Amino acid sequence: MNTLRRIRTPLLIPAAALSLGSLAWTSWSLVDLLGAGAIGLTVAIGADVIWGSVIVAEARGTRIGGQRWVVPAIGIIAMLAVAGFLSWHGLSRDSAPMAVVGPFLPLGAKVVWMLALADMRNPAALTDDEQLALAELERGLVFEQARHEMDMRRLAMEGDFLLAKVGVDFDIELARQEKSAELRRRRPIELPGMIERPALEPADDPDPDPDPDGGSRIRTSPGPDPERPSIDPEPAYKDPLPTPAGPMTMRDAVRTALDSGISDPDAVLRYVRTVADANAKADTVSRYLRTLRRSA
């Protein structure tokens, strides 16, 4: 909140008039004191600029190190320095009145400016301590807002990283499943051959025909019976294939059997019951056979 009123005080007019008179008197006195001619105006004008700048800073309520009294103290020190230069000028001219009265103009301008600034100050304005407290709260709010924005940016970055990681893991898992399925389709499968009948022990032989001497003898086949029709044994597969490592559907088992050269429905049924479903029905296997043969 601004500590000065919007309506300007009438004291501004005499304060500005005294400031112009002080500028002229101080400039002439310092130029005459230095005896450097026109170049001495730089020092004279510089002193007036410093004095005027302090007046403006004091009107704006400028603080140095959080303290407001520092600016008026600088103004008083600058004013005393200018007054000292003016008194020195009077003494250098051997003029006591000039040494005493000379500093009165800038000192008077300083006093009038202090009165004008005090009259322009708003009585309802916040005190210095209150303004400092509000400034500290505002600074803390700005800090919290900036930290919140940084936290949100960090969360957004972590979310993007997590989504990217999940996407990569999904792609890897999908590729692994596709490769596993392709490997199951292309891997050779061992077809079960004939079930080997166990050799009969001598005690299980229905007709051991022992040697009368108590030894054992080798039995020879009597040869084919011409009156008995010959029965070919169940053919075994020449190139048995390995059993699949993973589960297999009935349709895939029928396709694998056909690709391996097995076309006999009974053999295909046995293979399906071995690698896919032990309760597979013959009708279902026959239907898959007809479907796959037509599609081939």
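Predicted model: local features only at pLDDT ≥ 70, side-chain atom pairs only at ≥ 80, totals over all residues.

**Starting at Ser22**

I began with Ser22: leaving out residues up to four places away in sequence, Ser22 touches Asp48, Leu105 and Pro106. Contact here means heavy atoms within 4.5 Å. Residues are numbered from 1 along each chain as its sequence is written, and side-chain values use heavy atoms, with hydrogens and water left out.

Is Ser22 buried or exposed? I found a relative accessibility of 2%, so Ser22 counts as buried. (Buried is under 20% relative accessible area, exposed is over 50%, and partly exposed is in between, with a 1.4 Å probe and protein chains only.)

**Helix α1**

Ser22 sits in helix α1, residues 12-34. Helices (H or I, at least four residues) and strands (E, at least two) are DSSP runs, numbered from the N terminus. The expected span is 1.5 Å times one less than the number of residues.

Besides Ser22, the buried residues of α1 include Ala15, Ser19, Thr26 and Leu30. I looked for what covers the buried residues of α1, and found α2 (41-59), α3 (70-92) and α5 (104-120) among the elements. Just after α1, Gly35 has a positive phi of about 65 degrees.

**Two tryptophans**

I looked for aromatic pairs and got one in the structure. Trp25 and Trp28 have ring centres 5.5 Å apart and planes at 35 degrees, so the pair is tilted. (Rings of Phe, Tyr and Trp, using its six-membered ring, pair if their centres lie within 6.5 Å; planes under 30 degrees apart are stacked, over 60 edge-to-face, and the rest tilted.)

Why do they line up along the helix? Trp25 and Trp28 are three residues apart in α1, which means about one helical turn between them. An α-helix has 3.6 residues a turn, so residues three or four places apart point the same way. Trp25 is partly exposed at 25%, and Trp28 is partly exposed at 41%.

**Over to α9**

Helix α9 (residues 282-295) has 14 residues and reaches 20 Å between its first and last C-alpha, close to the 20 Å expected. Which residues of α9 are buried? I listed Thr284, Val285, Leu289 and Leu292. They cover an arc of only 140 degrees around the axis, so they lie on the same side of α9. (The arc is that of the directions from the helix axis to the C-beta atoms.) Exposed Asp283 and Arg294 are on the face turned away from that buried side. Cover for the buried residues of α9 includes α7 (250-259) and α8 (265-275).

**The core**

The largest nonpolar core has 16 residues, and Val268 and Val285 are among those touching the most other members. Such a core is a set of buried Ala, Val, Leu, Ile, Met, Phe, Trp, Tyr and Cys residues joined through side-chain atoms within 4.5 Å. Two or more residues each come from α7, α8 and α9, and α8 gives the most, with six.

**Whole chain**

I counted nine helices and zero strands. Buried residues make up 24% of the 296 residues.
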